[in-house]
Amino acid sequence: QVQLVESGGGLVQAGGSLRLSCAASGRTFSSYAMGWFRQAPGKEREFVAAISRSGVGTYYADSVQGRFTISRDNAKNIVYLQLFSLKPEDTAVYYCAARLIGDARVVLTRHHEYNYWGQGTQVTVSS
């Protein structure tokens, strides 16, 4: 099992940047595919970015491609989401997710593929 704790959210002006962190418990972090999702008020949770166990494979939603960067540090049990050029429509609660997986190359992009979730961190972008 793994527990996930997100941090780094906050209030930022449009065009600004933030770095979200997701700290994972346990000694097998490198066995988990990781992802970031977000949920805005009144909307469904949506995929943002994902990274494979090894960190080599990444995938992004079209809406954040070129503006967000996902990375991981398996030695520190942390996955990051760097947010650049933020827009008001990026305002949401951002969630970290994990799934134990055998293939180090696989990237998971769908909500139901993950079985561990953090509590979320709020990102608010003002115009």
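Reply: What follows starts with the disulfide and then moves out to the rest of the chain.

The model is predicted. Its count of disulfides comes to one. The two partners are Cys 22 and Cys 96, and their sulfur atoms are 2.1 Å apart. The cut-off for a disulfide is a pair of cysteine sulfur atoms within 2.5 Å, and the 2.1 Å of Cys 22 and Cys 96 meets it. The torsion about the S-S bond of this pair is about -80°, so the disulfide is left-handed.

The next point is where the two cysteines sit. Cys 22 belongs to strand β3, which covers residues 18-24, while Cys 96 belongs to strand β9, which covers residues 92-100; the pair therefore ties together parts that are 74 residues apart in sequence. Buried means under 20% relative accessible area. Cys 22 has a relative accessible area of 0%, so Cys 22 is buried. Cys 96 also has a value of 0%, so Cys 96 is buried as well.

Strand β9 leads on to another residue. Glu 113 lies in the loop between β9 and β10, the latter being residues 116-117. With a relative accessible area of 14%, Glu 113 is buried. A polar atom of the Glu 113 side chain lies 3.1 Å from the backbone nitrogen of Thr 109. For the backbone nitrogen of Arg 110, the distance to a polar atom of the Glu 113 side chain is 3.0 Å. Neighbours within four places in sequence aside, Glu 113 is in contact with Arg 99 and Leu 108.

Gln 13 gives a contrast in exposure. Gln 13 is in strand β2, residues 10-13, and is exposed, with a relative accessible area of 61%. Not counting residues up to four places away in sequence, Gln 13 touches Val 125 and Ser 126. From Gln 13 to Ala 75 the separation is 62 residues in sequence and 33 Å in space, C-alpha to C-alpha.

Now the chain as a whole. It has 11 strands and zero helices. Its radius of gyration is 13 Å, close to the 14 Å that the globule rule gives for 127 residues, so the chain is as compact as a globular protein of that length. The C-alpha trace spans about 40 × 25 × 25 Å along its principal axes. Of the 127 residues, 44% are buried. Among contacts between residues at least 6 apart in sequence, 61% join residues at least 24 apart. The accessible surface comes to about 6600 Å², and 47% of this belongs to carbon and sulfur atoms.

Terms used:
Residues are numbered from 1 along each chain as its sequence is written. This is a predicted model: local features need pLDDT of at least 70, side-chain atom pairs count only at pLDDT 80 or more; totals for chains, interfaces and linings use all residues. Side-chain values use heavy atoms; hydrogens and water are left out. Helices (H or I, at least four residues) and strands (E, at least two) are DSSP runs, numbered from the N terminus. Buried means under 20% relative accessible area, exposed over 50%, partly exposed in between (1.4 Å probe, protein chains only). Contact means heavy atoms within 4.5 Å. A polar contact is a pair of N or O atoms within 3.5 Å; within protein, one must be able to donate a hydrogen and the other to accept it, and residues adjacent in sequence count only if both atoms are side-chain atoms. The radius of gyration is taken over C-alpha atoms; the globule rule is 2.2 Å times the number of residues to the power 0.38. Accessible areas come from the Shrake-Rupley method with a 1.4 Å probe; for residues, only the protein chains shown count as cover.
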